[in-house]
Amino acid sequence: MRPTDHLRTLAGDDWIAATTHPFCTELAEGTLPLSKMRWYLAQDYQFVGNFVRLLASAIAHAPTLADSVPAAQFLALVTGPENTYFLRSFEALDMSAAEQNAPPAPPTEGFNALMAEAAASGRYELMLAVLVVAEWVYLSWATPVNPPKDDLPFYFAEWITLHAGDGFEGVVAYLRGQLDAVWPTLRADAQGEVEALFLRAVKLERDFWDASYADHA
Ligand SMILES: Cc1ncc(CN)c(N)n1
């Protein structure tokens with residue numbers, strides 16, 4: 001079994017909950033209440049800020065230039081089209097500065113701490129553990145609802161298209177390939193640390209959807 005399949009299997013119910021959440025189903029149907037979407041976007045923009053730092057750290061720790069190029073290209077996507085998606089959505093959803101800059105909720109803080117810890121570890125495999133979860137979970141929920149329904153507003157439709165399709169599948173294949181390749185070189189205790197970070201990240205993805213789906217009216 002591929003090491004990343006082993007890790008996903010370990011995550012069990014948390015993986016299933018994080019990839020089949022009603023938040024995502026309603027987003028794809030266009031029935032998600034806008035109060036929930038506004039709350040999610042404000043929290044997720046904070047997540048993305050720290051994600052960029054983690055991805056940049058992984059680029060800095062990739063073993064070769066060839067190993068780093070797909071991550072560097074993905075970084076340009078996150079800081080380009082994904083960043084402007086957030087800014088356009090804030091505007092289209094009439095979000096005030098206070099709404100956009102809401103204090104971080106517990107899962108956002110949990111993710112920020114986890115990403116900072118992985119980046120500060122200086123260990124490529126720990127950075128990859130968190131990156132693989134973040135992108136593979138999103139590919140998994142977005143793929144079954146891609147292409148988006150015709151009548152969806154862009155702040156729903158583009159959140160799907162940013163996380164599905166050939167290009168994004170390539171990002172996840174690359175990240176998984178990097179983690180699969182480094183895994184057999186690790187001692188058992190280091191593999192255990194990767195497992196622990198992977199499981200923490202999947203639980204946080206689940207908690208992030210749960211917190212976003214709670215009532216924010
Ligand atoms: C919490 C979270 N996890 C993952 C992603 C996908 N980049 C995201 N935007 N937000």
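Visitor: What percentage of the residues in the protein chain is buried?

Guide: Start with the cut-off. A residue is buried if 20 or more other C-beta atoms lie within 10 Å of its own, exposed if 12 or fewer, and partly exposed in between, with C-beta atoms placed from the backbone. By that count, buried residues are 36% of the 217 in the protein chain. Keep in mind that this is a predicted model: local features need pLDDT of at least 70, side-chain atom pairs count only at pLDDT 80 or more, and totals for chains, interfaces and linings use all residues. Numbering starts from 1 along each chain as its sequence is written.

Visitor: How many helices and strands does the protein chain have?

Guide: Elements are DSSP runs, numbered from the N terminus: helices are H or I with at least four residues, strands are E with at least two. Here the count is 10 helices and zero strands. The radius of gyration is 17 Å, close to the 17 Å that the globule rule gives for 217 residues, so the protein chain is as compact as a globular protein of that length. That radius is taken over C-alpha atoms, and the rule is 2.2 Å times the number of residues to the power 0.38. Along the principal axes, the C-alpha trace spans about 50 × 35 × 35 Å.

Visitor: What share of the contacts joins residues at least 24 apart?

Guide: Two residues are in contact if their C-beta atoms, placed from the backbone, lie within 7 Å. Take the contacts between residues at least 6 apart in sequence: 80% of them join residues at least 24 apart.

Visitor: Which residues of the largest nonpolar core touch the most other members?

Guide: In soluble globular proteins, nonpolar side chains tend to be buried together. A nonpolar core here is a set of buried Ala, Val, Leu, Ile, Met, Phe, Trp, Tyr and Cys residues joined through C-beta atoms within 7 Å. The largest has 58 residues, and L54, A118, A129, V130, L131, V133 and A201 touch the most other members. Helix α7 supplies the largest share of this core, 14 residues.

Visitor: What is V130 in contact with?

Guide: Leave aside neighbours within four places in sequence. V130 then contacts L54, L114, M115, A118, L197 and A201. Follow L197 next. L197 sits in helix α10 and is buried, with 24 C-beta neighbours inside 10 Å. Not counting residues up to four places away in sequence, L197 touches L114, A118, L126, A129 and V130.

Visitor: Where is the kink in α1?

Guide: Bend at a residue is the angle between axes fitted to the seven residues ending there and the seven starting there. In α1 the kink is about 95° and centred on G12. The expected value is 1.5 Å times one less than the number of residues. A straight helix of 17 residues would span 24 Å, but α1 (residues 3-19) spans only 19 Å between its end C-alpha atoms.

Visitor: What do the buried residues of α1 pack against?

Guide: The buried set is P3, T4, L7, R8, A11, W15, A18 and T19. These residues pack against α7 (124-142), α9 (166-182) and α10 (188-213). Look at V202 in α10. V202 is buried, with 26 C-beta neighbours inside 10 Å. Beyond four places in sequence, its contacts are A11, D14, W15, A18, V133 and V137.

Visitor: Which elements cover the buried residues of α8?

Guide: The cover includes α2 (22-29), α3 (34-61), α4 (65-92) and α7. In α8 (residues 154-161), the buried residues are Y155, F156, A157, W159 and I160. F156 is also a contact of G30, along with K149, D151 and L152, neighbours within four places in sequence left aside. G30 lies in the loop between α2 and α3. G30 counts as partly exposed, with 13 C-beta neighbours inside 10 Å.
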